Amino acid sequence: MVNDRLQPRSDWSSAGRLAILSSVLFLSGIGSLIFETLWLRLSGLTFGNSIWSAALILSSFMAGMALGNAFAASSRIRRWRPLQLYAFLELLIAFLGCAIVFGLPLLGEWLRPLFQALWNYQSILLGLRFVLSFLLLLLPATAMGLTLPVLVEDSFLQSAEFGRAIGILYGVNTLGAVAGAVLGEAYLVEAFGLLGTALAAGAATSIAAATALLLARRDGAALPPARHPLPLRLRITYHPPWRLLFVSFVTGGILLCLEVVWFRFLRLYVASSSTAFSIMLAVVLVGIGLGGVVSGAMHSRLARSNLLLPILLLFAAILTLLCYEFFPAEIAQTSPNVFDIRSWPQIAMLSFALMFPVALISGIIFPLIVARVQTSVGDRMNSTGLTTLFNTSGAALGPLLTSFVLLPAVGFQWSLLLCAASYTLLAIFVSERGNWSFTRPLGIATSALLAAFILIVALFPYRRDQAHFAHASLPYVMDGRGNLIAQVIKKVEGTSDTWQLVRRDLFGEPYYCRLLTNGFSMSATLPRSQRYMRLFAYLPLALRPESEDALLICYGCGVTADAFTHESRLKRIDIVDISREVFDLAPFYSGPYSANPLRDPRVITFVQDGRFFLQGSPRQYDIITGEPPPPKVAGSVNLYTEEFFSLMNSRLKQGGIATFWLPVDQLKVGEAKAILRAFRNAFPNTSVWAGADEEWIMMGIKGPGRRVEEGEIRRLLSNPGTGADLRRMGIEVPEQLGALFLMDGEEIDRITGEIAPLTDFYPKRLSDAAWDESASHRFASTYMVASSAIQRFLDSAMINKIWPPTLNKPLQSYFIVRETRYFSRVQGSNALAELDLYLRHSRLRVPVLEILGSDEFRLSIAETVAHNSEMPPPETVPDLVAGALARRDFDDAIRLLESEKKLGALELNDLFILTYLYCVNGEVNKAEDLVASSSGLIKRDWFVDWLWGKLQAEFGFHPPP
């Protein structure tokens with residue numbers, strides 16, 4: 001019986017009270033979700049972002065929540081009003097939440113010596129990280145687990161129907177979490193950074209606490225001082241309804257299993273970005289929240305029968321399969337620009353179609369279970385805490401089971417089937433005799449739903465997953481005309497991602513491979529991609545030839561790792577990647593000059609978050625580089641921040657060199673400058689280098705560096721392993737390394753003077769919005785103009801300290817080659833005029849191959865196929881012609897083109913090339929005869945007028961009238 005002093009002095013209706021408390025919980029949901037995402041994000045930076053580290057951090061948070069639920073399940077409030085205790089809990093969450101966000105980066109710095117001391121004892125280090133993360137999140141997570149159970153003890157709600165109250169409160173609290181997920185990601189983090197977002201979350205929870213305190217004050221006079229300071233007293237006087245609690249445990253586990261599977265599946269269709277994850281999470285939470293509200297609003301109807309729970313579970317099972325089977329894949333347009341902000345409504349539609357119905361049913365089920373538990377337990381706080389304890393425990397185990405067992409073992413489709421089957425088995429387990437009585441409508445409904453589930457399973461399209469995999473790989477295996485150009489040779493559903501290895505064949509032989517992570521091309525062995533990836537290694541090797549230790553962060557397709565293995569002076573090559581599957585795929589790559597660098601005895605691999613490796617490893621290196629994911633892929637932004645680059649600097653030996661990727665063509669100009677500013681802040685001795693593309697390479701030297709001798713650079717080109725590799729990439733003479741220079745630190749200071757750096761606390765300086773290609777071209781082209789580029793090179797104080805001046809004299813021609821190649825790609829060019837420039841004014845091979853649409857890899861395959869054939873297959877002739885011209889063997893090129901002419905396969909462009917080659921080779925008469933015999937094919941235009949004029953002026957060619 002309630003004491004007179006506890007009776008409310010006002011006569012508010014329970015409905016009005018419920019509305020006010022719902023608004024309090026809505027604010028609480030906003031703050032709690034924002035805090036949770038910030039804690040997990042910053043804990044990952046402190047304790048690591050590997051799948052194991054992330055699991056440990058999440059488990060720590062869920063364990064704290066479960067502890068709060070356990071207190072609520074086993075305690076009674078004494079000497080405190082529920083609203084007062086609730087306000088105290090919210091203020092504790094606000095204070096500790098902000099303290100953790102502000103303190104975690106400092107904690108990482110303080111723990112670094114300890115991590116380094118325990119680096120060789122990984123099991124102990126893993127345990128330490130779990131203990132630390134658990135202790136760090138224990139109090140605020142426990143407080144979060146207590147808030148809802150404590151609030152339902154409010155004396156004004158005693159007159160309200162418990163099932164109605166718990167449904168509405170639970171649902172509104174979850175909808176507040178929706179608002180927190182969307183508000184934090186869409187606005188707060190970008191506007192105020194992580195620290196400002198934490199303060200906003202603290203403000204939301206503080207307002208909820210203040211509102212609760214005002215309500216408590218209005219309710220009546222304060223209670224007399226407590227004899228005992230603790231507000232809770234452990235007391236269990238009930239017999240737990242184990243059957244219902246088991247249902248709560250399993251439903252919590254199934255829903256979180258499904259959430260992991262759904263997110264994995266959707267990433268085959270949508271961009272892996274932080275905003276996309278927020279939208280997907282919001283859809284699940286909207287379903288749960290609305291389900292809770294529906295359960296509360298309709299509780300009087302839903303609670304009339306104990307037979308509804310099995311029916312709802314069967315509905316969940318059926319909807320799990322139907323939403324997957326009828327997933328509207330056709331509305332997901334495949335586009336190379338996956339970060340286009342216009343695709344977010346599309347993400348929301350796909351997410352609603354797949355996840356919302358089951359999430360809605362789950363939201364209805366939980367309050368029903370709590371209400372039924374309350375009929376056995378009696379006390380409202382105990383019943384809420386007890387049910388939530390089991391539900392949270394299941395939710396904690398669900399993601400671990402899915403990520404580490406189900407997905408790697410059976411894949412996402414069978415995981416969905418197993419979740420649906422679990423719902424069905426649970427429905428049978430919780431059913432009563434009346435559920436199977438055909439004399440009752442609900443009995444008929446239960447039997448009909450079970451039969452429908454069995455029928456759906458029998459007719460289920462078990463190969464549907466192949467269509468979803470095919471959608472993800474479609475842009476990379478088909479060309480624009482629908483022709484098959486590549487094939488998937490390996491699929492792996494791993495602990496954290498879905499991997500597909502795509503291989504492109506040429507003339508029946510492997511040409512290059514592409515690694516797809518979910519629906520995104522993470523890396524590839526295309527020749528043009530290999531150039532900058534190999535330069536990650538060769539630039540520092542050229543400028544620090546005495547290097548013995550190298551660290552590669554992110555393995556990718558192994559291109560940079562392979563470049564390191566070509567250098568015999570290196571004694572140790574450490575390679576770190578967050579995914580074991582990336583290493584497991586290494587033996588499956590094939591193509592010209594392809595090798596598995598992991599077989600090199602100097603290579604040591606680490607399955608670890610690269611950032612935590614830098615933080616925890618005590619070893620220092622001569623060279624640190626990376627083949628990282630693109631900056632806008634989810635989770636990658638913290639590999640491009642000032643703090644990450646500072647960690648790279650700290651792991652370098654004095655004079656050591658770090659290189660890192662800056663994909664200007666995948667960023668807005670301001671975003672590229674923010675990364676440049678971050679790198680410059682971490683490395684005072686900074687420079688930027690690039691070939692004839694927008695795949696820039698940032699290079700930082702720890703300390704002033706030293707001048708490299710010409711002979712040391714030439715050794716890299718003369719060494720059989722490194723030299724051949726560099727020449728295939730288009731670095732054929734030492735001067736071309738110098739001609740890669742774009743800018744030094746002083747130029748970075750000039751162009752980023754008013755640009756804030758990309759940092760851990762302001763990750764949204766790298767947005768999810770689409771980049772502006774034309775703006776990127778304008779920005780990059782400024783640094784490709786040869787005249788200004790050579791001047792920046794010669795004027796650079798850094799270059800004058802490290803570059804041998806004896807290699808400066810012939811540099812201009814190589815800067816001109818880079819300029820010509822770049823503008824040819826971006827704007828187009830007169831290909832024959834460019835070919836003439838390379839053939840007659842340089843001895844370089846690769847520009848000749850490129851202007852003719854070939855490369856050293858294509859040429860190698862074409863020459864191999866031609867060698868094994870009596871006559872070169874027609875499809876190999878263009879590459880063989882390019883190879884002959886790269887050797888300046890005009891006779892062989894003419895012979896090949898003449899053979900094509902005899903077969904009637906000579907195209908118009910080839911006719912122009914043959915005409916040009918006749919003239920260059922001193923056979924002007926043959927050129928004139930060829931043009932005369934082909935006059936019907938040639939239509940006069942600007943190009944023909946240019947060509948006739950050039951040949952006439954330089955070789956005495958007489959064009960046809």
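**Entry: the model**

I noted that this is a predicted model, in which local features need pLDDT of at least 70 and side-chain atom pairs count only at pLDDT 80 or more, while totals for chains, interfaces and linings use all residues. Residues are numbered from 1 along each chain as its sequence is written, and side-chain values use heavy atoms, with hydrogens and water left out. Helices (H or I, at least four residues) and strands (E, at least two) are DSSP runs, numbered from the N terminus.

**Entry: helix α31**

I listed the buried residues of α31: Val877, Asp879, Leu880, Val881, Ala882, Gly883, Ala884, Leu885 and Ala886. They pack against α28 (831–841), α29 (846–851), α30 (856–867), α32 (890–902) and α33 (908–920); contact means heavy atoms within 4.5 Å. Just after α31, arginine 888 takes a positive phi of about 60°.

I then went to strand β7 (residues 549–553), where five of the five residues are buried, so β7 is largely enclosed by the rest of the structure. Asp549, Leu551 and Ile553 point one way from β7, and Ala550 and Leu552 point the other way. Strand β7 runs parallel to strand β8 (residues 572–577), and five bridges join them. Isoleucine 553 stands opposite valine 576 in β8.

Two strands pair if DSSP finds at least two bridges between them. I read the order of the open sheet as β9-β8-β7-β10-β11-β13-β12-β14, eight strands with mixed pairing. Its edge strands are β9 (603–607) and β14 (741–744), each pairing on one side only. The twist averages 20° from one strand to the next. Axes here are lines fitted to C-alpha atoms, for helices over the stretch in contact, and angles run from 0 to 180 degrees between N-to-C directions.

Strand β11 (residues 652–663) pairs with strand β13 (residues 695–701) in the antiparallel sense, over seven bridges. In that pairing, isoleucine 657 stands opposite isoleucine 701 in β13. Helix α18 (residues 642–650) packs on the sheet and touches β7, β10 (621–626), β11 and β13, with its direction at about 150° to that of β11.

**Entry: the four-strand sheet**

I found another open sheet, with four strands in the order β3-β4-β5-β6 and antiparallel pairing. The edge strands β3 (487–493) and β6 (520–524) each pair on one side only. Neighbouring strands of this sheet are turned by 25° against each other on average, direction ignored. Strand β5 (residues 509–517) pairs with β6 in the antiparallel sense over four bridges, and arginine 514 has alanine 524 in β6 as its bridge partner. Helix α13 (residues 464–477) lies across β3, β4 (498–506), β5 and β6, and runs at about 45° to β4.

**Entry: aromatic rings**

I searched the whole structure and got 47 aromatic pairs. Rings of Phe, Tyr and Trp (its six-membered ring) pair if their centres lie within 6.5 Å; planes under 30 degrees apart count as stacked, over 60 as edge-to-face and the rest as tilted. Phenylalanine 265 and phenylalanine 327 form an edge-to-face pair, 4.9 Å centre to centre and with 70° between the planes. This pair links distant parts of the chain, 62 residues apart: phenylalanine 265 is in helix α6 (residues 242–266) and phenylalanine 327 in the loop between α9 (308–325) and α10 (344–377). Phenylalanine 265 counts as buried at 0% relative accessibility, and phenylalanine 327 is buried at 6%. I also noted one aromatic cluster formed by Phe265, Tyr269, Tyr324, Phe327, Phe412, Trp414, Phe460, Tyr462 and Phe469.

**Entry: arginines over rings**

Arginine 129 lies over the face of phenylalanine 612, at 4.2 Å from the ring centre. The charged end of arginine 728 sits over the ring of tyrosine 593, 4.0 Å from its centre. A charge sits over a ring if NZ of Lys or CZ of Arg is within 6 Å of the ring centre and within 35 degrees of the ring normal.

**Entry: cysteines**

I looked for disulfides (pairs of cysteine sulfur atoms within 2.5 Å) and found zero. The sulfur of cysteine 257 is 4.8 Å from the closest cysteine sulfur, in cysteine 419, which is too far for a bond. Cysteine 257 is buried, with a relative accessible area of 6%.

Definitions and conventions: Buried < 20%, exposed > 50% of the residue type's maximum accessible area, 1.4 Å probe, protein only.
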